[in-house]
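This report is meant for a reader who is meeting the structure for the first time.

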Amino acid sequence: MSALDSKGLILDEQLLFERSVAGRCGYDLAPLDVPPAAPPANLVRAPIEGFPELSEIDVVRHYTRLSTWNYGVDSGFYPLGSCTMKYNPKVNEQLARLPGFSQQHPAIPEHLSQGSLQLMYELQQALCEISGFPALTLQPSAGAQGEFAGMLMIHAWHQAQGNRRHKVLIPDTAHGTNPASAALCGYQVVPIASDGVLSVAAVAAAMDEDVAALMVTNPNTLGLFEAHIREICTLVHERGGLVYCDGANLNALLGVCRPADLGIDVMHFNLHKTFATPHGGGGPGAGPVGVSAALEPFLPLPVVVQEQGVYRLDCDRPLSIGRLRTFASQFGILVRAYAYVLTMGAAGLKKATQLAVLNANYIRARLEAAYHLPYPQRSLHEVVFSDAHLPNNCHTLDVAKRLLDYGYHPPTIYFPLVVQGALMIEPTETESRQVLDEFCDAMLAIAEEAEHHPELLHQAPVNARTRRLDETLAARKPRLKWQP
Amino acid sequence: MRYLPHTDQEIAVMLERIGVADLEDLFSGIPAACRLPRELNLEPPLAEAALQQRLEQRAQANRADSSWHSFLGGGYYNHHIPAVIDHLISRSEFYTAYTPYQPEISQGTLQAIFEFQTLICQLTGLDVANASLYDGASACAEAVLMALRCAPGCRRLLISRGLHPRYREVIATYVRYLDVELVEVPLDASGMTDLAAVAALLDAQVAALVVGYPNYLGSMEALAELARLTHEERTRLVVACAEPLALALYQSPGELGADIVVGEGQSFGLPLTFGGPGVGFMAVRQADMRALPGRLVGETRDMEDRRGFVLTLATREQHIRREKATSNICSNQGICAVMVAIYLALLGKNGLPQLARDNYARATYLREKIAALPGFSVPFDAPFFNEFVICCPQPSAEILRRLETNKILAGIDLIRDYPDISHGLLVCVTEQNDRAQLDRLVAALQGGCL
């Protein structure tokens, strides 16, 4: 068997370690211009066992080949629900790499980093205007850390009132990060059932003196606007609680509705969703958090402030929940989001929201005869189908894998948990009608195949880099690193 | 608008298909009382050229450009970044993808992360590494949470005063409401965690001891001795490496007895970018595998028995376990982990130790020169790597201000974090500081004493 198992131009590639040849190196160091030195011999490490030895071209080919086994937004339609896989503007990539930003050490004195601080301040102001919150932190590294920061602030606020509350209400449609973040703050999670949208009665029944907060996602993970949100916020406030909003779905609301105006006390943004920063194959993201005036003293450290045109990082905030990361922010992500807001402007952001909702509803209109739609209400930026109408033992997973054969990234599957066999489709505004039609044609063809050739679904994918992978084997006998 | 492809005619056709009259009607599910009755008040949109101009203005307002000499470290390090890295991660198949939930079309990301996990295991000397965490400090906090999970009933943590002050603050934030006691362990006169104090503070209630390697003051801690002490009490030894390049020169924490090794991967090919994004890493012993937070990539086979990779052991994670998950983390630092892997692949078994020795030799040279200056001293004699403390004859802030006029960023003032170190300054040297720069710094410091 040859080392590489390429089929023509479908290129195979081994692991780095398997390509390694003793003595190669892909890096040249300048000659040492000071006397050599070494620490005490008994502390010095032996050569690192198993570390690769490769030349520069080995490494370049390796990653170039790996990239061809991936699929990104630039490759094609990526309707991953709740992830807002919109187009990532190329100019923003260039701007984040400007040497004035990229070569700037975080410990540089503030009077030498006014440009970065001003940018952060201006982004802060823009996000406040978009969401309606009077104060905001750019610090959290991603949505989940934003949730954590928000729940810590809620906890700190209650404590400052002299209260100790133990419970947090979370609807059954919520992202898993919500209960996990609440638990990390020492809260007990109380799930509440929703029927599509949350009812005032359901919240009233669960809302007692021991409930610190309600965590909602609006629009929720079914793509439905929480129509009673104002009444619900009033109710929670009357009983001494606060309302946290997961802003994962903010792409449905830009310029249409501001969460703070609804009575929400805290919300995180996902800049890698709504504000077009790339998802990076899993990160980095950024999860700024907006808060009401009452919660402002509790914002994490440091906070970017401006006084007479001079910007600085304020660390002198005695009520703060503290620090969440080593340095102030995922600054490189903030640069991209700032560029996005400046490019779009108010009208552009609103148009983006309108077209995102238009696209989701168009897909819904084209597919609702073929796929079961469990919630018939008017949905916003995403639409959730289920596999309930699929015949011949065809399920959501089979549809997802068959979509790979048609050249698409599948939707989010089996989430939200309230829909059995969920297929959650979020097209975003950057997809054209052509793309949506082609995708819908593929979905309709798959529904036909389920009827007449179910084996095509069960065998799928046949046109991807690999056939269906055995996830059970991976979990039962974990092999989490290469071993010689 | 160039990012929005719809023509008016297409919008009309789509609205008709949906069965609504106009775009506003799509929002009928939002009660009128919830609508924003005005336009957002934002700056008018900028075309691409104007946008570039605006951002260049902001970037230029950061006045310390590449003509400055920087000796700043303290958790982020100015290493040379091979050009290859940015070229490869600019492949948009990598950076415009998301978390590899669908493995059959994500093998590129998955294999790259599997290799990252392997490289981190090799570097740290431990058995299992995850797919990355946000940064060094949050990785350190996650390590502490993991140690608490692994030692039910233990509610005390010993935190070395040598651990990066920001890491200590982030740990305090993460355990704020978890009924955990944080106990600070002092440093000894050599700049290392005081072993006698550790011995006195350890008991069966202590879930973990957390130290830096190197620590914030640059000292390579005596991990073998610390591990011997902690393992008498089954306390986990958590080691945080803010400058993991040191692991190519000094013995690995794993071989010295560390149970959990975390750190910041920025040194390995990531630009400084004002402190982020960097990338946190975490490695543990086999026995603790199922308590790990974050994503894990594992090897498996497909239906035709070909090798492939998938996200695995997901039952630890928030999307399955919800409030019982090992962490709330969802996004990690995917593309940054790939950058680290590319960097380590380029330098590899030969280049990385060579670079580490280079940094050590430069730091040694500068440290000796400064120690010989009248009025300056080096307070600690513990083994160090590329960063060390000097004591100045005047307050460090004054020295720093004076050297700024020579376009030198001489180091980090320790007055806030270690006020007991008299006029302390933390100085860092990398391969980016050639001998001429080192000599200029020495001359500039000397100028101040005259």
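## Domains of chain A

The domain assignment divides chain A into domain 1 (16–62), domain 2 (91–343) and domain 3 (356–473). In this model, which is predicted, the centres of domain 1 of chain A and domain 3 of chain A, taken over C-alpha atoms, are separated by 47 Å.

## Overall form of chain A

Chain A contains 15 helices and twelve strands, and its C-alpha trace spans about 70 × 70 × 45 Å along the principal axes. A compact globule of 484 residues would have a radius of gyration near 23 Å, and the 25 Å found for chain A agrees with that expectation.

Of the 484 residues of chain A, 58% count as buried. When contacts in chain A between residues at least 6 apart in sequence are considered, 72% of them join residues at least 24 apart.

## Where chain A touches chain B

In the contact between the two chains, 169 residues of chain A meet 162 residues of chain B. Helix α11 (residues 331–367) of chain A supplies the largest share of the side of chain A that touches chain B, namely 21 residues. Sorted by class, this side of chain A has 96 nonpolar, 49 polar and 24 charged residues.

## Strands of chain A

An open sheet in chain A is formed by three strands in the order β10-β12-β11, with antiparallel pairing. Both β10 (383–386) and β11 (412–413) of chain A stand at the edges with a single partner strand each, so one side of each is left without a neighbour in the sheet. The antiparallel pairing of β11(A) with strand β12 (residues 422–425) of chain A runs over two bridges, and A:I413 has A:L423 in β12(A) as its bridge partner.

Elsewhere in chain A, strand β8 (residues 303–307) pairs with strand β9 (residues 310–314) in the antiparallel sense over five bridges. Here A:V304 has A:L313 in β9(A) as its bridge partner. The hairpin of β8(A) and β9(A) has two residues between the strands, and A:Q308 in this hairpin takes a positive phi near 50 degrees. As a general point, strands of a sheet pair through backbone hydrogen bonds, either parallel or antiparallel.

## Helix α5 of chain A

An α-helix has 3.6 residues a turn, so residues three or four places apart point the same way. After α5(A) comes A:G132, whose phi is positive, near 90 degrees.

## Domains of chain B

Chain B is divided into domain 1 (69–80 + 350–447) and domain 2 (83–343), and the centres of these two domains of chain B, taken over C-alpha atoms, are separated by 28 Å. In the contact between them, 24 residues of domain 1 of chain B meet 23 residues of domain 2 of chain B.

On the side of domain 1 of chain B that touches domain 2 of chain B, α12 (334–371) and β11 (387–391) of chain B each supply at least two residues. The most comes from α12(B), which gives seven residues to this side. The residues of this side of domain 1 of chain B divide into 15 nonpolar, five polar and four charged.

Notes: Residues are numbered from 1 along each chain as its sequence is written. Chains are lettered from A and ligands numbered from 1 in the order in which they are written. This is a predicted model: local features need pLDDT of at least 70, side-chain atom pairs count only at pLDDT 80 or more; totals for chains, interfaces and linings use all residues. Helices (H or I, at least four residues) and strands (E, at least two) are DSSP runs, numbered from the N terminus. The radius of gyration is taken over C-alpha atoms; the globule rule is 2.2 Å times the number of residues to the power 0.38. A residue is buried if 20 or more other C-beta atoms lie within 10 Å of its own, exposed if 12 or fewer, and partly exposed in between; C-beta atoms are placed from the backbone. Two residues are in contact if their C-beta atoms, placed from the backbone, lie within 7 Å. Ala, Val, Leu, Ile, Met, Phe, Trp, Tyr, Cys and Pro count as nonpolar, Asp, Glu, Lys and Arg as charged, and the others, Gly among them, as polar. Domain bounds come from an automatic or database domain assignment. Two strands pair if DSSP finds at least two bridges between them.
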